[in-house]
Amino acid sequence: MEKLRIVFMGTPEFAVGILDTIIKNNYEVVGVITAADKPAGRGQKIKYSAVKEYALEHNLKLLQPTNLKDEVFLTELKSLDANLQVIVAFRMLPEVVWRMPKLGTFNLHASLLPNYRGAAPINWAIINGETKTGVTTFFIDDKIDTGAMILNAAIGISPNESAGELHDRLMLLGSEAVVETLALIEKGNVQTSVQQDNPEIKTAYKLNRENCKIDWTKPATEIHNLIRGLSPYPSAWCFFKDNEHEWNVKIYEAKIIFENHSYTIGSIFTTKKEIKIAVKDGFIEILSIQFPGKKKMQANELLNGITFSERAQAE
C-alpha cells in the first residue's frame with residue numbers, strides 16, 4: 001500500500017466540500033491549485049475562490065496559476081512531489097499536468113457519465129426532467145469528461161428539487177465517492193471501465209443568458225424544470241411588461257397548476273398574494289421572484305409594493 005501525497009485542484013463551493021472530506025479522512029494534501037483572484041460585483045473588489053478561502057484557513061500550500069503550461073508553475077507543481085492529483089470543478093488540464101503524478105489524476109464529475117459531460121451537469125439534469133443523477137470518478141485523459149471511469153454512485157431527484165438543493169446532496173455523495181476512490185488507489189485495487197459513447201448521450205452545455213430565458217410557450221413541466229434547474233444560480237429570467245413598464249425579472253421558485261383555459265399565453269394574473277402566468281396547459285404560479293434593484297422576495301411580499309394591470313404580460 002502506497003501512502004498518498006495529493007494535489008487538489010478546484011474552485012467553487014462544491015469543491016470545498018470534497019477537499020474538506022479528504023482532509024478529515026487524514027489524507028495528506030501537499031498542495032491546492034485554484035483559480036486566480038478576480039474582481040467581482042459592482043465594486044469590482046477582488047474575490048477569492050471558495051477553495052482559496054478554505055486553503056488559507058487550513059494553512060495548505062496554495063498555487064493560483066493563470067497559465068497551466070507556464071514553466072514556473074510546472075516547476076512548483078513538480079516540487080510538491082505528489083503521487084496523485086484530485087480534480088473537482090476546475091478547468092481542462094494540459095497533458096503535462098495530468099500525466100505528472102505517478103498514480104494519475106482523477107476527476108469527480110457531478111453526473112452519471114457518459115451523460116452530462118460538460119460545465120453544468122447538476123443544472124441540466126433538472127432542466128431535462130431527470131429523476132436520477134449521481135457522481136462519477138474517472139481518470140483524466142485529453143478530452144473533457146471522457147476518461148476511464150473508476151466508480152459512480154446514483155441519487156434520486158425529487159419533482160420539486162432545486163439545483164441548489166441537489167448540489168448540496170451531490171457534494172455529500174461526491175465526498176463519499178472520492179474517499180472510496182482514494183482507498184482503492186491507495187490499496188492498488190482500481191478497476192476502470194471505458195465510457196461507451198452513443199447517440200443518446202445528453203450534454204451539460206455551458207449556461208448563458210439565452211438558455212436561461214423562460215419560454216412561456218413551452219409546456220408547464222418544462223418551464224418548472226427550467227426554473228428549479230437554474231435556482232438559485234444563475235436563475236431563470238424573463239420580461240414582465242405592463243403598459244409602458246418593462247422589468248427584467250429573475251424567478252427562483254414556482255409551482256404548476258394544471259388547468260384548461262383560453263387565456264393568452266404569458267398573461268399575468270395576480271391577487272393580493274399570488275402571481276400566476278398562463279401557459280398552454282395551465283398556469284405557473286410564481287413563489288419567489290426578484291425585480292431589478294430589489295432583493296429576492298416571496299410573491300406576496302412583492303405584491304405589497306406593486307400592482308399589475310389586466311394587460312400585464314410575461315415574455
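Modeller: Happy to! Let's start with rings: those of Phe, Tyr and Trp, taking the six-membered ring of Trp, pair if their centres lie within 6.5 Å. In this predicted model, such ring pairs link F240, W247, F291 and F308 into a cluster. By this rule the count comes to 10 aromatic pairs.

Colleague: Why is the aromatic pair of F291 and F308 called tilted?

Modeller: The centres of F291 and F308 are 6.4 Å apart, with 55° between the planes. A pair needs centres within 6.5 Å, and planes under 30 degrees count as stacked, over 60 as edge-to-face and the rest as tilted. So 55° between the planes of F291 and F308 makes the pair tilted.

Colleague: What makes this a link between distant parts of the chain?

Modeller: F291 is in the loop between β16 and β17, while F308 is in the loop between α8 and β18, 17 residues apart. Both F291 and F308 are buried.

Colleague: How do you know that α1 is roughly parallel to α2?

Modeller: Helix α1 (residues 13–24) and helix α2 (residues 50–57) pack at about 30°, with axes 8 Å apart. Angles under 35 degrees count as roughly parallel, so α1 is roughly parallel to α2. The residues of this contact divide into 7 nonpolar, no polar and 2 charged.

Colleague: And what makes K52 lie over the face of Y48?

Modeller: K52 is at 3.8 Å from the ring centre of Y48, and the distance cut-off is within 6 Å. Likewise, K296 lies over the face of Y252, at 4.6 Å from the ring centre.

Technical notes
Residues are numbered from 1 along each chain as its sequence is written. This is a predicted model: local features need pLDDT of at least 70, side-chain atom pairs count only at pLDDT 80 or more; totals for chains, interfaces and linings use all residues. Side-chain values use heavy atoms; hydrogens and water are left out. Axes are lines fitted to C-alpha atoms, for helices over the stretch in contact, and angles run from 0 to 180 degrees between N-to-C directions. Helices (H or I, at least four residues) and strands (E, at least two) are DSSP runs, numbered from the N terminus. Angles under 35 degrees count as roughly parallel, over 145 as roughly antiparallel, 65 to 115 as roughly perpendicular and the rest as oblique. Ala, Val, Leu, Ile, Met, Phe, Trp, Tyr, Cys and Pro count as nonpolar, Asp, Glu, Lys and Arg as charged, and the others, Gly among them, as polar. Buried means under 20% relative accessible area, exposed over 50%, partly exposed in between (1.4 Å probe, protein chains only). A charge sits over a ring if NZ of Lys or CZ of Arg is within 6 Å of the ring centre and within 35 degrees of the ring normal.
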